[in-house]
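Subject: Structure handover

Hello,

Here is the structure I said I would pass on. My notes on it follow below.

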Amino acid sequence: MTDHYQPLPEHRFTFGLWTVGSTGRDPFGDPVRQKLSPVQLVHLLAEVGAYGVNFHDNDLVPIDATPAERDQIVKDFKQALAETGLVVPMATTNLFFDPAFKDGAFTSNDAQVRAYALQKTMRAIDLGAELGAGVYVFWGGREGTESDATKNPLDAGKRFREALNFLCEYVKDQGYALKFALEPKPNEPRSDIYLPTVGAMLGFIATLDHPEMVGVNPEVAHEHMAGLNFMHAVAQAWDAGKLFHIDLNDQKFGRYDQDFRFGAEMIKQAFFLVRFLEDVGYQGSRHFDAHAYRTGDYEDVKAFARGCMRTYLILKEKAARFNQDAEIQALLAEVTAQDESLSFLNGGYSRQKADRLKDMTFDRVALGARGLPYERLDQLTVELLLGVR
Ligand code: GCO
Ligand code: MN
Ligand code: MN
């Protein structure tokens, strides 16, 4: 029997070494799972059917590794990739774990820390490029404050801009085919992180020297932490031509960063997101930046990873059904029907159009009295998701 929901390379499902590799350590408790090596994690991901694996520099090469150790680790990792066929579509830098980054990296008040962060990132970019990554993610883990007495946000923004401008030039200078994707998050681990939403990041990108090289990496959990509609943020990024990568996971609104399995919490939002990505033809990675419940062993970690991909594919099938459902489509056609008498407004402004429009009369009361069948449309969507149509 064929499994309709089997992950295939064309689905571009990827995981970070830090996701399936999470040992369950949290601020309240020690690890509950034994640490696996990058090579073991590549094999685990291959077993569950992932297409690719992403990493922070120090997920692969420990921060204190000697050059000889680094070379051996990279060699072993490349061999595991060759054995399994997994690829590395994205790489990133860990600029948050080491105590040196306790007050941020590119936005730190300390010039030594900022320079070290640049150096660490150039080296990590080299590593990512060596392994074939096409996207380089920047998540400003500690780029923020607890107290705004400590840093000036204008200085922080200027420093972050200068760092990204420097790194764009570095990538061009090296001839790497690498694009940057900035990942916003409102808070955690800082009380407030700069550039907290997708919209804020998009505005910032326009101020860079090479905006064409820089897009966004929106994450479900990050917008949900702030109580925002993730699909709307993704749509704005797509509209701007900036959806370079996406971090899929799930979580309840307003909580700490839960990083649950994709679709674990807000299935309706997940559905509209998948439908959006599939309808517009997003070609990038579907990266699951999530981790298994702390209660699980590695068998449950595999169930978690399979679940992320399976739920995505089920929702993709539901999206196709939504698009083919005669009743749903008839309602959509009804509510989106255009009024031919207003087609003169298409194609932009003219003095004549403005005059003509000013002369028109609208039946405001009748407009307000029109009923929109949105309850019916939403109920049909819910029934489709619940599997009864
Ligand atoms: C988080 C972030 C990270 C980043 C990762 C890649 O909340 O911790 O989502 O997982 O995505 O550092 O840059
Ligand atoms: Mn996150
Ligand atoms: Mn993320």
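At what angle do helix H5 and helix H6 pack, and how far apart are their axes? Please keep in mind that this is a predicted model. H5 covers residues 111–130 and H6 covers residues 153–174; the angle between them is about 30°, and the axes lie 11 Å apart. Their crossing is right-handed.

On the H5 side, the residues that meet H6 are Arg114, Leu118, Thr121, Met122, Ile125 and Asp126. Their counterparts in H6 are Arg159, Ala163, Phe166, Leu167, Tyr170 and Val171. Sorted by class, this contact between H5 and H6 comprises 8 nonpolar, 1 polar and 3 charged residues.

The other topic is the domains. The chain is divided into domain 1, residues 9–324, and domain 2, residues 326–385. The centres of domain 1 and domain 2, taken over C-alpha atoms, are 39 Å apart.

Where the domains touch, 9 residues of domain 1 are in contact with 9 residues of domain 2. Domain 1 and domain 2 bury about 800 Å² between them, and 69% of that area is on carbon and sulfur atoms. Within domain 1, the residues losing the most area to domain 2 are Lys268, Lys318 and Phe322, which together make up 61% of what that side buries.

How many salt bridges cross the interface of domain 1 and domain 2? The rule finds 1 there. Lys268 also forms a salt bridge with Asp378, with 2.9 Å between the closest N and O atoms.

Regards

Definitions and conventions
Residues numbered from 1 in each chain as written. Chains lettered and ligands numbered in written order. Predicted model: local features only at pLDDT ≥ 70, side-chain atom pairs only at ≥ 80, totals over all residues. Heavy atoms only, no water. Axes fitted to C-alpha atoms, helices over the stretch in contact; angles between N-to-C directions. Helix = DSSP H or I, 4+ residues; strand = E, 2+ residues; numbered from the N terminus. Left-handed = near helix turned anticlockwise from the far one by under 90°. Contact = heavy atoms within 4.5 Å. Nonpolar A, V, L, I, M, F, W, Y, C, P; charged D, E, K, R; others polar. Domains from an automatic or database assignment. Buried area = accessible area lost by both parts, 1.4 Å probe. Salt bridge = Lys/Arg side-chain N within 4 Å of Asp/Glu carboxyl O.
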